[in-house]
Amino acid sequence: MALCLLLLLLPLCGAQQPGTLKSEGNPTMAVKECTKAGGCTTKEHKLVLDANWRWIHTTEGSKNCYTGNKWDSSICTDPDTCAQGCALEAVDAGQYESIYGITAVPGGVRLNFVTGSNVGSRLFLLEDDETYKLFNLKNREFAVDVDSSTVECGMNGAMYFIEMAANGGKGRGYNAAGAKYGTGYCDAQCPHDVKFIGGKANSKDWKPHPKDFSNSMGLGHYGACCAEMDIWEANNMATAYTPHPCRIDTPGQYMCEGTECGDNDSGERYDGLCDKDGCDINPFRNGNTTFYGKGASFAVDSARPMTVVTQFLTADGTDDGDLSEIRRFYVQDGRAISSPSIMTLPKTPDSITDEMCADMKDLFENENDFAEKGGNKAMGESLERGHVAAFSLWDDIDVHMMWLDSCYPEDRPCSGPGVHRGMCPGGEESSPQNVRSKHPQGYVTFANAAVGEIGSTQPVYPGTPMTSLPPATTVATTSSTTSVPSTTTAMTSQTAPVTSTQPASCAGAWQQCGGRNHAGPTCCTEGYRCVLGNEWHSQCKPVTSTTTSSATVVPSTTTAMTSQTAPVTSTQPASCAGAWQQCGGRNHAGLTCCTEGYRCVVGNEWYSQCKPTTETAFAQAAPQKSNSRRHKFLGPSFLQSKAKTEKTAASSQFEEHEL
């Protein structure tokens with residue numbers, strides 16, 4: 001992801017030699033490392049500012065090597081000379097706050113959006129003063145506390161992992177600065193705005209960014225590629241998590257050139273080394289418009305802090321197995337909130353698998369570059385080599401963050417499958433110039449990172465008791481509802497047989513009972529229930545075909561029950577729980593009915609949730625596909641794109657050096 005920033009007080013640069021005018025004053029973050037047997041241990045780790053934000057000056061004196069969006073050609077006559085003659089300066093504790101707007105919060109940092117003339121920032125987590133901390137996430141879970149409440153439309157408070165070199169490329173080419181000075185950035189967008197790549201200046205064919213109104217950004221001939229795992233890309237209106245594998249099998253910056261960069265301008269997005277689209281789960285884009293957003297009516301309230309937990313599951317449950325699934329849940333108000341099922345896909349998945357990605361790409365008519373670049377297996381191989389944690393806040397001069405929170409691409413109708421990604425207006429309303437003017441006080445906080453064995457970092461998981469009760473939420477409605485007693489106990493997941501009077505003619509066993517343009521029966525014969533498959537097809541399946549939730553913890557003293565929807569009552573209380581909110585469970589003292597279009601479904605003995613009825617799910621499903629099969633996602637860093645071509649390390653004159 002390419003960050004868009006305005007830095008006039010100090011020149012925006014990356015360099016090779018360490019500066020001597022300042023002493024680094026790093027902020028810190030608490031990091032827990034956990035096991036099931038031993039619990040968690042916490043250690044404070046330093047964070048370091050990305051080299052692209054730092055002042056770069058001559059090694060002898062303090063003359064700028066780079067000012068605004070241009071290199072000083074009298075100093076940087078060629079890439080080698082520039083790297084040898086320019087120093088990357090440290091940032092002291094006062095400058096972290098006064099220039100870059102980075103301040104401490106308990107357990108972590110707050111990144112301010114606009115501070116003076118600076119916009120945004122990007123930090124990396126250190127192991128020690130000279131080395132980035134490497135995370136090996138396969139067969140592990142990662143958690144971090146996030147507050148995106150003031151990250152508005154057109155902004156992105158992002159936390160992600162990238163396969164940077166642990167030492168930041170120190171010792172390669174003319175890079176004598178290394179991780180201590182935030183060198184070595186790369187990501188799956190193969191950004192061309194990185195000032196130094198492979199230990200050399202990226203000054204060849206350098207030109208001002210054509211869309212940058214602030215005159216502070218430029219683009220070089222080379223791009224900096226590596227695999228990327230986006231944990232949290234979000235503002236207070238939309239969120240997504242996305243793996244981006246690459247056909248690169250060595251850690252650190254890969255200096256791309258030409259087709260292998262996969263630049264959009266050259267029409268080669270899908271011909272390069274990295275999967276720039278990725279395979280994302282954005283609940284809104286997938287049809288669930290009530291899961292994430294500002295206010296208590298959403299299952300996850302973006303107006304308040306939360307813990308974001310991502311699990312990386314392997315096929316055989318071991319560290320050596322292939323990555324097969326990436327799962328997400330949230331913890332807010334002491335309860336775990338699972339990612340919603342994607343009702344528009346055939347098997348209604350709720351996590352990232354190769355099958356889910358293939359089905360989603362087909363529905364959205366997107367190129368399946370995720371599979372082309374190796375899918376989850378390739379992502380897992382990259383994670384096994386080790387990734388560096390990055391924390392950032394940025395805006396988007398290329399497409400105004402519409403790929404995250406609005407209707408995108410602009411040449412397709414907003415009602416098209418996968419086009420509507422969030423309720424932001426997009427366009428000029430979300431442009432950096434407008435966002436910086438209207439929301440300069442925006443910020444994001446990241447704190448209390450945790451990594452460990454699956455099931456070891458959190459006090460509560462989906463299917464386990466809450467650690468505290470959230471405040472009750474009231475949603476007034478006059479429609480009919482369903483309810484579940486607050487003393488619900490553990491159960492198996494199934495729908496009870498229909499006991500009310502049926503129409504004279506219902507669909508038989510395994511026959512179609514719903515779907516777009518379906519004109520036949522919409523009820524099922526006794527002993528069967530109508531199960532949503534996708535927007536086009538629902539099928540009568542037996543109610544005895546049950547599966548027990550593996551996440552459910554069943555105390556030995558509890559009584560099992562089936563997960564069923566209570567009969568619809570003729571009268572409704574004045575207040576009912578909203579979409580995706582809690583409506584039952586042991587010790588639940590809140591509302592036990594659901595607003596219109598939702599039903600109260602037992603999750604386990606401690607938790608029942610308002611989930612959409614079949615009709616509501618259909619209403620949220622994506623409409624009929626358009627004719628274009630070559631839709632381009634054009635995600636973050638629009639001018640940098642993705643590619644299919646492999647290139648050996650020996651094929652590039654700069655490959656042996658890395659910043």
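Colleague: Which residue lies over the face of Y66?

Modeller: Keep in mind that this is a predicted model, where local features need pLDDT of at least 70, side-chain atom pairs count only at pLDDT 80 or more, and totals for chains, interfaces and linings use all residues. Residues are numbered from 1 along each chain as its sequence is written, and side-chain values use heavy atoms, with hydrogens and water left out. A charge sits over a ring if NZ of Lys or CZ of Arg is within 6 Å of the ring centre and within 35 degrees of the ring normal. At 5.3 Å from the ring centre of Y66, the residue is K195.

Colleague: How many aromatic pairs are there?

Modeller: Rings of Phe, Tyr and Trp (its six-membered ring) pair if their centres lie within 6.5 Å; planes under 30 degrees apart are stacked, over 60 edge-to-face, and the rest tilted. With that rule, the count of aromatic pairs is 15.

Colleague: What kind of pair do Y66 and W71 make?

Modeller: Their ring centres are 5.1 Å apart. The planes meet at 80°, so the pair is edge-to-face.

Colleague: Is W71 buried or exposed?

Modeller: Buried means under 20% relative accessible area, exposed over 50%, and partly exposed in between (1.4 Å probe, protein chains only). W71 has a relative accessible area of 12%, so W71 is buried.

Colleague: Which residues form one aromatic cluster with W71?

Modeller: The rings of W71 and W206 have centres 5.9 Å apart and planes at 75°, so that pair is edge-to-face. The cluster holds W71 together with Y66, F196 and W206.
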